[in-house]
Amino acid sequence: MIKRLPLSGGIVLFQVLFKRLPGNEELVLPRRMSELAAGFDLQAAVDEPVTLAPGERKLIPTGFSMAMPAELEAQIRPRSGLAYKHGITCLNSPGTIDADYRGEVKVLLVNLGEEPFVIERGERIAQMLFQIVPAIKITEAEELPDTVRGAGGFGHTGV
């Protein structure tokens with residue numbers, strides 16, 4: 001069972017369950033690399049090194065699946081070091097993992113750099129952040145309330 005655990009001061013701790021997939025027992029489950037890090041680093045669960053040529057994209061497995069409460073979503077985001085040093089980033093970023101998904105978590109990487117990049121087993125390839133998903137009720141309306149901005153869109157503030 002997935003739990004919400006109330007803590008003192010109105011804080012809620014959400015329990016997220018992780019399941020290692022067969023053959024990935026030595027890989028570290030997602031973890032924060034510092035005490036105040038927002039994201040949990042994800043490792044590549046590739047069986048052999050994978051080369052990502054410039055401009056190429058590949059889906060990289062992480063070796064785990066998970067279950068989280070309905071109030072959460074997980075977002076997959078690039079690691080800044082890989083982006084800066086090698087031009088490796090995530091497509092569809094941030095990628096959303098819905099609370100009802102139970103398959104293997106995979107990361108869609110692309111090489112925007114100028115050199116091939118080799119992804120090794122256990123290499124940290126992305127980060128995962130958890131976000132609360134608000135309950136929303138969609139209601140159709142004939143009119144919308146006015147605002148100062150109105151319908152001003154792209155570039156309307158001069159920036």
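The chain holds one helix and 13 strands, where helices (H or I, at least four residues) and strands (E, at least two) are DSSP runs numbered from the N terminus. Its radius of gyration is 19 Å, well over the 15 Å that the globule rule gives for 159 residues, so the chain is more spread out than a compact globule. That radius is taken over C-alpha atoms, and the rule is 2.2 Å times the number of residues to the power 0.38. This is a predicted model, in which local features need pLDDT of at least 70 and side-chain atom pairs count only at pLDDT 80 or more, while totals for chains, interfaces and linings use all residues. Residues are numbered from 1 along each chain as its sequence is written, and side-chain values use heavy atoms, with hydrogens and water left out.

**Overall layout**

- From the N terminus on, the elements run β-β-β-β-β-β-β-β-α-β-β-β-β-β.
- Along its principal axes, the C-alpha trace spans about 55 × 45 × 30 Å.
- Among contacts (heavy atoms within 4.5 Å) between residues at least 6 apart in sequence, 69% join residues at least 24 apart.
- Buried residues make up 32% of the 159 residues; buried means under 20% relative accessible area, exposed over 50%, and partly exposed in between, with a 1.4 Å probe and protein chains only.
- The accessible surface comes to about 10800 Å², and 54% of that belongs to carbon and sulfur atoms; the areas come from the Shrake-Rupley method with a 1.4 Å probe, and for residues only the protein chains shown count as cover.

**The nonpolar core**

- In soluble globular proteins, nonpolar side chains tend to be buried together.
- Here the largest nonpolar core has 26 residues, and those with the most contacts inside it are Met66, Ile76, Leu109 and Ile119.
- Such a core is a set of buried Ala, Val, Leu, Ile, Met, Phe, Trp, Tyr and Cys residues joined through side-chain atoms within 4.5 Å.
- Ile119 has partners beyond four places away in sequence, among them Val46, Val50, Leu52, Leu109 and Ile125.

**Two buried residues to look at**

- Arg79 sits in the loop between β8 and α1 (80–86), and it counts as buried at 19% relative accessibility.
- Not counting residues up to four places away in sequence, Arg79 touches Asp41, Arg124, Ile125, Ala126 and Gln127.
- Ser65 is part of strand β7 and counts as buried at 7% relative accessibility.
- Leaving aside neighbours within four places in sequence, Ser65 is in contact with Leu17, Phe18, Lys19, Leu21, Arg102, Gly103 and Glu104.

**Loops worth a click**

- In the loop between β9 and β10, Asn92 has a phi near 55°, a positive value in a residue other than glycine.
- Asn92 counts as exposed, at 62% relative accessibility.
- Pro94 belongs to the loop between β9 and β10 (95–97), and the peptide bond from Ser93 to Pro94 is cis, with omega near 0°.
- Glu123 lies in the loop between β12 and β13; its contacts, not counting residues up to four places away in sequence, are Leu42, Gln43, Ala44, Leu82, Phe117 and Val118.
- The C-alpha atoms of Glu123 and Val107 are separated by 12 Å, with the two residues 16 apart along the chain.
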